[in-house]
Amino acid sequence: MRGAVPVAGRILRTLRGDRRTLALVVAVPAFVVYLLSEVFPRPEPVAPVILGVFVFFLTYLLTAVGFLRERTAGTLERVLVAPVARSGVVAGYVLGYGALAAVQSVVLLAAAVAFLDVTFANGVALFVAVELLGAFTALGVGVSLSLFAENEFQAVQFIPVVITPQVILGGTFLPVEELPVYLAWPARAMPITYLIRAMEYVVLDRRTPGEFHVAVAALVAFVALALAVSLAAIRRAA
């Protein structure tokens, strides 16, 4: 983890100078949640799905494009020749973009309370923990996939390949338990499935504590797997 803090600090200083990105990070989640509040007359039943999908999608987009910009600008190459451990590089990027994802998650939480009148059956603290876990899962996926993209267009093209199937099969429109077997099994290998289940428990108390614990364990495993892939890809690129 040597060098993680300096790498994270450089990313945050760069982001602080990009006021347009910071404004979008704050404004977009609040605006989208506001629009949904105008469309759904009773948003409470769909609130966990909305929050889970938005946390994952917005964090993925933020991380994938941001990390790819670091690569195409040659910043990552300069970091790799510095006396910084490869694990420190990955940890630094996770900390840097994780701070921005945390800000976005807080904005999404405030918008959900203000516009969707969301209440939390199992406490707001548990909701924040699940929200951040979902954000870090998307962050790991975004960093991993951006390493395989050559430009920002390709990074965005991963959305219909990687994100959209998760939104369709992960419980957004139909519970995974009601899907055909040949679709239910792939759905159980997708992070959004467990993020929505955890959100349903925290917001609506719809799931059992046992199902919640399984969902949290699965999300932690997805974070670890995505970071391991990122570390392997960076070592290969070095």
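A crossing of two helices is called left-handed if the near helix is turned anticlockwise from the far one by less than a right angle, and right-handed if the turn is clockwise. With that convention in hand, and bearing in mind that the model is a predicted one, the pair formed by α2 and α5 can be described: their crossing is right-handed.

Two packed helices are described by the angle between their axes and the distance between the axes. For α2, which covers residues 19-39, and α5, which covers residues 86-116, the angle is about 25 degrees and the axes lie 9 Å apart. Angles under 35 degrees count as roughly parallel, and α2 and α5 are therefore roughly parallel to each other. On the α2 side, the residues that take part are L22, V25, V26, P29, A30, V33, Y34, L36 and S37, and these meet L100, Q104, V107, L108, A111, A112, F115 and L116 of α5. Sorted by class, this contact comprises 15 nonpolar residues and two polar ones, with no charged residues.

Helix α1 itself runs over residues 4-17, and its 14 residues should span 20 Å at 1.5 Å a residue, which agrees with the 21 Å between its end C-alpha atoms.

The loop between α5 and α6 (124-146) holds D117, a residue that has a positive phi of about 55 degrees although it is not a glycine. Is D117 buried or exposed? Its relative accessible area is 52%, and exposed means over 50%, so D117 counts as exposed.

Just after α9 comes D205, where phi is positive at about 55 degrees, although D205 is not a glycine. D205 is found in the loop between α9 and α10 (209-237), and its relative accessible area of 44% makes this residue partly exposed.

Key
Residues are numbered from 1 along each chain as its sequence is written. This is a predicted model: local features need pLDDT of at least 70, side-chain atom pairs count only at pLDDT 80 or more; totals for chains, interfaces and linings use all residues. Side-chain values use heavy atoms; hydrogens and water are left out. Helices (H or I, at least four residues) and strands (E, at least two) are DSSP runs, numbered from the N terminus. Axes are lines fitted to C-alpha atoms, for helices over the stretch in contact, and angles run from 0 to 180 degrees between N-to-C directions. Angles under 35 degrees count as roughly parallel, over 145 as roughly antiparallel, 65 to 115 as roughly perpendicular and the rest as oblique. Contact means heavy atoms within 4.5 Å. Ala, Val, Leu, Ile, Met, Phe, Trp, Tyr, Cys and Pro count as nonpolar, Asp, Glu, Lys and Arg as charged, and the others, Gly among them, as polar. Buried means under 20% relative accessible area, exposed over 50%, partly exposed in between (1.4 Å probe, protein chains only). The expected span of a helix is 1.5 Å times one less than its number of residues.
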